[in-house]
Amino acid sequence: MKYTWRSPSNIALVKYWGKHGIQLPNNSSISFTLSNAYSETSVAFEPKADDGKLAIEFLFEGSKNEAFQKRIEKFLSSIISHFPFLTSVKLHIESTNSFPHSTGIASSASAMSALALGLCSIEKELTGALANNDDFMRKASIISRLGSGSACRSVYPHLAIWGENPGVANSSNDYAIPYTEAASIFTTFHDSILIVSSDEKKVSSTAGHELMHSNIFADTRYKQANNNTVEIIKALQSGDLEKFGLIAEEEALTLHALMMTSNPSYILLQPESLQLIALIRSFRESTKLPVYFTIDAGPNIHLLYPHSIFNEVQDLIKNELSKCCENGKVIEDQVGIGATLMNA
Ligand code: PMV
């Protein structure tokens, strides 16, 4: 029996940066679920004698990959208590990405969530648990989180919130919840990713989270993020594009300010990242069109805008922004429907 899940990447609007315990966030975050950047992972299983050990065969893009295999083995060993069946089956896992490795798009959120969903499907089949869809998605989100924190937000359509916040009903540090109250304009939003550099990051996210423990702005930052989560939800609900965009930009720049004020300090933005920010802001100023940006833990700039101004923004990209990109590279994405089971 085999289950194949397609699960997308996500882009945070309010950023998760700083954690404790086993991948528990120090503040709440909210993200758009994307569409074009996804992983597709099939998990096939056959019974074996339970010898307390894992038996895993893993193929990435059709070939064996030692580094990824080790990472998956380590991850699966860490979640045996969540899936006791793991030591009584032989697993054959195959994974592919819709985007090539090292394009400047992080693959851990899509890869970890696709794998987590496959494991939940097996648990459902073997034990009859998780028959309720909400329970299924919640467990998939928990397991995704254990694989790679922000991956827990990838499983839901359109928007997801992760992290306990007194202002957000049912929010939890353990898993993300879907956010379903956004005005419809946000469910077709675009994210054009302006690739400034596709190089591997100099400082990993793991190291970045760790440095938050000694960042003197940490406490203020966690308060700001919790407050921004509540405020951006209001903007999403009412369709207030300006408020939405200004919070998204503040969050992106705060994330990078936290990196600059870490000890040791580091900078992931490149000169072209700043040029792009200036061009986007001046375009917004002169045209009054609602084009905003966000930035992940890297130099690439994500342009966020509603579908209604797609043509105007594509002209801006072609005529001005692509000049600041590595080989003119731009990856088009948009808000998507979340994870899908490709076979059953
Ligand atoms: O999930 P991680 O550990 O790769 O951290 C992701 C952190 C950011 O992408 C910068 C922000 C976020 O909330 O996704």
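Let's start with Thr 41, which sits in strand S4, residues 29-47. A reminder before we go on: this is a predicted model.

Is Thr 41 buried or exposed? Its relative accessible area is 2%. The cut-off for buried is under 20%, so Thr 41 counts as buried. Who is around it? Set aside the neighbours within four places in sequence, and Thr 41 is in contact with Tyr 3, Thr 4, Trp 5, Ile 93, Glu 94, Ser 95, Ala 111, Ala 114 and Leu 115. Pick out Ser 95 from that list. Its side chain makes a polar contact with the side chain of Thr 41, at 2.9 Å.

Next, helix H2. H2 has 20 residues. From first C-alpha to last, H2 reaches 28 Å, close to the 28 Å expected at 1.5 Å a residue. How many of its residues are buried? The count is 14 of the 20, so H2 is largely enclosed by the rest of the structure. What follows H2? Gly 128 does, and its phi is positive, near 80 degrees.

On to helix H3, residues 133-147. Here we have 15 residues. At 1.5 Å a residue they should span 21 Å, and the end C-alpha atoms are 21 Å apart, so the two agree. Which residue caps the N-terminal end of H3? Asn 132 does: one of its side-chain oxygens lies 2.8 Å from the backbone nitrogen of Asp 134.

H3 has buried residues too, including Phe 136, Met 137, Ala 140, Ile 143, Ser 144 and Gly 147. Lys 139 and Arg 145 are also buried. What covers them? The cover for the buried residues of H3 includes strands S1 (2-14), S3 (24-25), S8 (159-162) and S9 (176-178). Helices H1 (66-78) and H2 (108-127) are part of that cover as well.

Last stop, the ligand. The side chain of Ser 150 has an N or O atom 2.7 Å from an oxygen atom of the ligand. For the side chain of Arg 153, the distance to a ligand oxygen is 2.7 Å. For the side chain of His 209, it is 3.0 Å. As for cover, the ligand on its own has 390 Å² of accessible area, and the protein covers 90% of that.

Note on methods. Residues are numbered from 1 along each chain as its sequence is written. This is a predicted model: local features need pLDDT of at least 70, side-chain atom pairs count only at pLDDT 80 or more; totals for chains, interfaces and linings use all residues. Side-chain values use heavy atoms; hydrogens and water are left out. Helices (H or I, at least four residues) and strands (E, at least two) are DSSP runs, numbered from the N terminus. The expected span of a helix is 1.5 Å times one less than its number of residues. Buried means under 20% relative accessible area, exposed over 50%, partly exposed in between (1.4 Å probe, protein chains only). Contact means heavy atoms within 4.5 Å. A polar contact is a pair of N or O atoms within 3.5 Å; within protein, one must be able to donate a hydrogen and the other to accept it, and residues adjacent in sequence count only if both atoms are side-chain atoms. Accessible areas come from the Shrake-Rupley method with a 1.4 Å probe; for residues, only the protein chains shown count as cover.
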